[in-house]
Amino acid sequence: MNCSSCQREFEAYRSGALPGDQRTKVEAHLKDCRKCMEQYRLFVLTERVIGEEKEVQSNPFLQTRIMAEIERAAVILQVPVFTWSRFLKPVMIAASLAVAMLAGITIGNATGGAPARQSIPEELALMDDLSLESVVLLSHD
């Protein structure tokens, strides 16, 4: 029996589900192979830790105390929702919009507004138009 086939049989060997001849082969291999014996010990230890972890029960009093503390905190922190959502929230939104608009107007006036547009000479306007047109269209063959 090789190491990989022995390691595949660990679970059946541990539970006692292996037939007699397979069981003796696994036991003989475990006696001869130090690596597989360490793997088997690790397998048994892992199963024991998982089994103990499944048995751990939570303290029912802990859950009761936590829920009572949550309910107590909810009562203490209760804010009248009617006042905030019905009146204060819309008033605060409107006030912040008014302040933002006033700030924008003030900043715009302080900088002097947009510069006055100067008229562009007609020659420059035509030069820009000529640069956009194709030379082929302008040639008369």
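Q: What distance, N to O, goes with the salt bridge in which the side chains of R41 and E38 meet?
A: The model is predicted: local features need pLDDT of at least 70, side-chain atom pairs count only at pLDDT 80 or more, and totals for chains, interfaces and linings use all residues. Residues are numbered from 1 along each chain as its sequence is written, and side-chain values use heavy atoms, with hydrogens and water left out. A salt bridge here is a side-chain nitrogen of Lys or Arg within 4 Å of a carboxyl oxygen of Asp or Glu. For R41 and E38 the N to O distance is 3.0 Å.

Q: Which helix holds both R41 and E38?
A: Helices (H or I, at least four residues) and strands (E, at least two) are DSSP runs, numbered from the N terminus. R41 and E38 are three residues apart, about one turn of the helix. An α-helix has 3.6 residues a turn, so residues three or four places apart point the same way. The helix holding R41 and E38 is α4 (residues 34–55).

Q: Which residue forms a salt bridge with E27?
A: The closest N and O atoms of the pair are 3.7 Å apart. E27 is partly exposed at 30%. The partner of E27 is R23.

Q: How far apart are the closest N and O atoms of E69 and R72?
A: E69 and R72 both lie in helix α5, three residues apart. E69 is partly exposed at 41%, and R72 is partly exposed at 45%. Their salt bridge has its closest N and O atoms at 2.5 Å.

Q: Which residues is H29 in contact with, leaving aside its neighbours within four places in sequence?
A: H29 is buried, with a relative accessible area of 12%. Contact means heavy atoms within 4.5 Å. On that basis the residues in contact with H29 are M1, N2, C3, C6 and C36.

Q: Which residues make the nonpolar surface patch of about 350 Å²?
A: Patches take residues with over 30% relative accessible area and no salt bridge, joining like charges within 9 Å and nonpolar side chains (Val, Leu, Ile, Met, Phe, Trp, Tyr) within 5 Å. Accessible areas come from the Shrake-Rupley method with a 1.4 Å probe; for residues, only the protein chains shown count as cover. One member, M67, is in helix α5 (residues 60–76) and has a relative accessible area of 41%. The patch is made by L62, I66, M67 and I70.

Q: How many helices does the protein chain have?
A: Read along the sequence, the chain follows the pattern α-α-α-α-α-α-α-α. It has zero strands, and its helices number eight.

Note on methods. Buried means under 20% relative accessible area, exposed over 50%, partly exposed in between (1.4 Å probe, protein chains only).
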